[in-house]
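Trainee: I have a new structure to read. Where do I begin?

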Amino acid sequence: MWGLLLALAAFAPAVGQGLGAPGTSVLGLAPSATTEARISTPAPRSSQAQPPAGKSNGTLKQHVRIRIIKKKKIIMKTRKKLTRPSPLVTARPVATTSPPGALDPRKEQNPDCPPLGLESLRVLDSQLDASSSQSFGLGPHRGRLNIQSGLEDGDLYDGAWCAEQQDAEPWLQVDARHPTCFSGIITQGRNSIWRYDWVTSYKVQFSNDSRTWWGSRNRSSGMDAVFPANSDPETPVLNLLPEPQVARFIRLLPQTWLQGGASCLRAEILACPVSDPNGLFPEAPALGSSDPLDFQHHNYKAMRKLMKQVNEQCPNITRIYSIGKSQQGLKLYVMEMSDQPGEHELGEPEVRYVAGMHGNEALGRELLLLLMQFLCHEFLRGDPRVTRLLTEMRIHLLPSMNPDGYETAFRRGSELVGWAEGRWTQQGIDLNHNFADLNTPLWEAEDDGLVPDTVPNHHLPLPNYYTLPNATVAPETWAVIEWMKRIPFVLSANLHGGELVVSYPFDMTRTPWAARELTPTPDDAVFRWLSTVYAGTNRAMQDPDRRPCHSQDFSLYGNVINGADWHTVPGSMNDFSYLHTNCFEITVELSCDKFPHKSELPQEWENNKDALLTYLEQVRMGIAGIVRDKDTELGIADAVIAVDGINHDVTTAWGGDYWRLLTPGDYMVTASAEGYHSVTRSCRVTFEEGPVPCNFHLTKTPKQRLRELLAAGAKVPPDLRRRLERLRGQKD
């Protein structure tokens, strides 16, 4: 008999005085009717709870039964206990003792609960339900914080969940699938360029079985709490629950909304996991990484401290330098990692990662801070892959191009920063539209037949208007431009957030005023390869079950897209880098969530770690070599490397070394330099790891030799004099 009673007690409903509605089971069982004044909801809207017995308009008398075990007798005594006056419905009925092995919500209380995962898509569409929806595009699966609508209202990708107009008691429901301690709600209105819809107040209910519900109560009045919601469509509004509640289901019940609008909202739920000692629920997938790294968000001061720690831990392979300052005077720090930091080694390519161009897109910043820690740790461990990376190339990591914007976003917090706050610089400049437009002058020259004979197809100069004193160019932009000029970068990626896709140049449409249009570069095959490499090694992008972030399903195209075919971006860093320097650069949109909670950083690192390393290794793809003077064997700077059939050239660095990214194939390559005869040779790029050596020796022209001799005050050699005389005779 006692064994049976103990077995039953193990599965009895557990009650927590601080966090859950008393009498509710945190194991998914229905609450006990004898211990809870609950809200029953046969209809979409739950009815008010009935007052428990023993309540009066003055002091509430609770009868607490105390069991005193004396020898073999059980004596039941009753005493009166005074509680605070409450003329209204009590927020929580009498608490009972939790049975052995049951969950104790009081131990799970945490005021800083992470998001449940509506924005990051960890919460699946199947976990969301609603009383009604105006259309599929306004269904409950669209009720996610910061979700963005498509251009057209009424399509499959609208910007919120919206209840039907005739739904007098609307609700949006989330199934956490496990006992969860709910602590708060963040809401927004509907994202739309055509309509204004938002909820101005709502109630919250909880359930363990989706049939029996109880509400969040106001501490002072004991009535159902009504939470203030939004006053505009985009600003996130946080409401913490008066008492955290342990349950499986949570419902948001809009009470009022904008006059003339509809009941529409986007939401995120703050919730702490609850342990399940009896193992009655399937174990939730763990978010984590085995790498011993610092998984948290770092403001400017913390970022500097972390970079200094990495430098002190690995002084032989790291160097910290600044490329300039932001509008507010914050330095743009770069971590350089190489076996010979501080110098360009002949024949060794330079690669870079840039993050934080938009200050509120914080994941890229943290990934680069994690990457520098990882490279340091693995180099010290002797990892062969990392060792080869650091000995064969020089890596530059700029974690925060827009530190002013990041500080603004950081102060708001990961869940409250919204979609746009902190995106721009302190001057209100979008850095991804702030680089010089070199596309237009190039395309105009091509239309006039001037490329490449009159106008070069590479290293286009800055337009005059861009260098005027009153030009609207951010100091952060100028700092990066000067950085590009100082270092012969070959490969780069610009890390963004808010989507899950890799885009490649051109970012600007060739047709004026076209919103989107496929606009490939002459190196389209290379850019598509680079983009596919990152997308193909990114875990999240390769998840076949993932849903689209917002309004486009990029998985249909392998998670890569031409930037201009997505949306036109005049003045992008990618286009500028391609047309003003030798560097090939792509944009990586890392996550649906621009500013993921720190608890999600370990999983995001695992999603991107291999992709970050594999992308750097692509600098070995193609050909590389040194262009030398045949007589002196010295390298020739600024020699032009042209590939037959590709209308885009690159140039050599100051030591005569160059790198030309190419996909496998046979190419005719020409090296030319001012004062030298051009040389053309065949170079074959294979699928094996390269780069394929393709060196050149150039011979000076007679005019150049004469120029140098006269400049040095030397006599002209007889053979050169005879050659010059023959040339003059040919002209006559």
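Mentor: We will take the disulfides, then a residue in a loop, then a pair of helices. Keep in mind that this is a predicted model.

Trainee: How many disulfides does a search of the whole structure find?

Mentor: Start with the idea. A disulfide is a covalent bond between the sulfur atoms of two cysteines. The search here finds 5 disulfides. With the bonded cysteines numbered in sequence order, they pair 1-4, 2-3, 5-6, 7-8, 9-10.

Trainee: What is the distance between the sulfur atoms of Cys-113 and Cys-272?

Mentor: The sulfur atoms of Cys-113 and Cys-272 are 1.9 Å apart. The torsion about their S-S bond is about -110°, so this disulfide is left-handed. Cys-113 sits in the loop between strands E3 and E4, while Cys-272 belongs to strand E11, 159 residues apart. Cys-113 is buried at 4% relative accessibility. Cys-272 is buried too, at 5%.

Trainee: Where are Cys-549 and Cys-592?

Mentor: Cys-549 is in the loop between H8 and E18, and Cys-592 is in the loop between E19 and H11. The two form a disulfide with sulfur atoms 1.9 Å apart. Its S-S torsion is about -65°, so it is left-handed. Both cysteines are buried.

Trainee: And which parts does the pair of Cys-683 and Cys-694 tie together?

Mentor: Cys-683 lies in strand E25, and Cys-694 in the loop between E26 and E27. They are 11 residues apart in sequence. Their sulfur atoms are 1.8 Å apart.

Trainee: What about Cys-181?

Mentor: Cys-181 is in no disulfide. The nearest cysteine sulfur belongs to Cys-113, 5.2 Å away. A disulfide needs sulfur atoms within 2.5 Å. Cys-181 is buried, with a relative accessible area of 1%.

Trainee: Now the loop. Is Met-541 buried or exposed?

Mentor: Buried means under 20% relative accessible area. Met-541 has 3%, so it is buried. Its place is the loop between helix H8 and strand E18. Among the residues it touches are Leu-500, Val-502, Arg-546 and Glu-589. The C-alpha atoms of Met-541 and Ser-591 are 9.2 Å apart, though 50 residues separate the two along the chain.

Trainee: Last, the helices. At what angle do H3 and H11 cross?

Mentor: Angles of 65 to 115 degrees count as roughly perpendicular. The axes of H3 and H11 come within 10 Å and cross at roughly 65°. The two helices are therefore roughly perpendicular. Their crossing is right-handed.

Trainee: Which residues meet there?

Mentor: From H3 they include Leu-363, Glu-366 and Phe-374; from H11 they include Trp-605, Asn-608 and Lys-609. By class, the contact has 10 nonpolar, 1 polar and 3 charged residues.

How values were computed. Residues are numbered from 1 along each chain as its sequence is written. This is a predicted model: local features need pLDDT of at least 70, side-chain atom pairs count only at pLDDT 80 or more; totals for chains, interfaces and linings use all residues. Side-chain values use heavy atoms; hydrogens and water are left out. Axes are lines fitted to C-alpha atoms, for helices over the stretch in contact, and angles run from 0 to 180 degrees between N-to-C directions. Helices (H or I, at least four residues) and strands (E, at least two) are DSSP runs, numbered from the N terminus. Angles under 35 degrees count as roughly parallel, over 145 as roughly antiparallel, 65 to 115 as roughly perpendicular and the rest as oblique. A crossing is left-handed if the near helix is turned anticlockwise from the far one by less than a right angle, and right-handed if clockwise. Contact means heavy atoms within 4.5 Å. Ala, Val, Leu, Ile, Met, Phe, Trp, Tyr, Cys and Pro count as nonpolar, Asp, Glu, Lys and Arg as charged, and the others, Gly among them, as polar. Buried means under 20% relative accessible area, exposed over 50%, partly exposed in between (1.4 Å probe, protein chains only). Lists of a residue's contacts leave out its neighbours within four places in sequence.
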